[in-house]
Amino acid sequence: MVFGHSDRGRSGVVDPVTLKILVAGGFGAGKTTLVGAVSEIKPLRTEELLSEAGRPVDDIGGVEGKTTTTVAMDFGRITLREDLVLYLFGTPGQDRFWFL
Ligand SMILES: Nc1nc2c(ncn2[C@@H]2O[C@H](COP(=O)(O)OP(=O)(O)OP(=O)(O)O)[C@@H](O)[C@H]2O)c(=O)[nH]1
Ligand SMILES: [Mg+2]
């Protein structure tokens with residue numbers, strides 16, 4: 001669904017207030033799982049397989065069974081009311097993406 005500016009007087013449609021929520025945390029904390037679990041749309045995911053090159057720098061302690069990681073941003077959406085929409089962004093968790 002695409003939101004744009006509306007003319008309330010003619011169409012009766014109200015521009016929703018949109019709030020952004022950033023889900024941040026360490027590697028494997030469950031950010032992607034959270035966004036996917038609560039989003040009303042199919043979430044945008046940027047999962048890539050963990051690589052051999054990343055083995056020396058990516059700490060998978062505690063989540064040894066994890067095979068992929070977020071490399072850009074997750075995105076999801078929740079419409080709370082007609083005029084109130086949440087945009088959910090999930091950050092990558094690996095240290096090398098800390099700048100994001
Ligand atoms: N026990 C438990 N496990 C969870 C929960 N949420 C997610 N997991 C598991 O923990 C792992 C977390 O995976 P992700 O959701 O990809 O974690 P992430 O924080 O997005 O990981 P990165 O993007 O790689 O930093 C997965 O194996 C999930 O199945 C939770 O609430 N409880
Ligand atoms: Mg993730």
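Predicted model: local features only at pLDDT ≥ 70, side-chain atom pairs only at ≥ 80, totals over all residues.
1. Ground rules. Local features need pLDDT of at least 70 and side-chain atom pairs count only at pLDDT 80 or more, while totals for chains, interfaces and linings use all residues. Residues are numbered from 1 along each chain as its sequence is written, with chains lettered from A and ligands numbered from 1 in the order in which they are written.

2. Helix α2 spans residues 31-38, and its buried residues are Lys-31, Thr-32 and Val-35 (buried: 20 or more other C-beta atoms within 10 Å of the residue's own, placed from the backbone; exposed: 12 or fewer; partly exposed: in between). They sit on the same side of α2 because they cover an arc of only 100° around the axis, taking directions from the helix axis to the C-beta atoms. Their cover includes strands β1, β2, β3, β4 and β5 (DSSP runs numbered from the N terminus: helices are H or I, at least four residues; strands are E, at least two).

3. Now for Arg-77, which belongs to strand β4. Arg-77 counts as partly exposed because it has 17 C-beta neighbours inside 10 Å. Glu-40 is 37 residues away in sequence, yet the C-alpha to C-alpha distance to Arg-77 is 5.9 Å. Leaving aside neighbours within four places in sequence, the contacts of Arg-77 include Ser-39, Glu-40 and Tyr-87 (contact: C-beta atoms, placed from the backbone, within 7 Å).

4. Ligand 1 is surrounded by 14 residues, the closest being Gly-30, Thr-32, Thr-33, Thr-70 and Gly-93 (near: C-beta atom, placed from the backbone, within 6 Å). Both α2 and β3 give two or more residues to this shell, and α2 has the largest share, 3 residues.

Technical notes
Contact = placed C-beta atoms within 7 Å.
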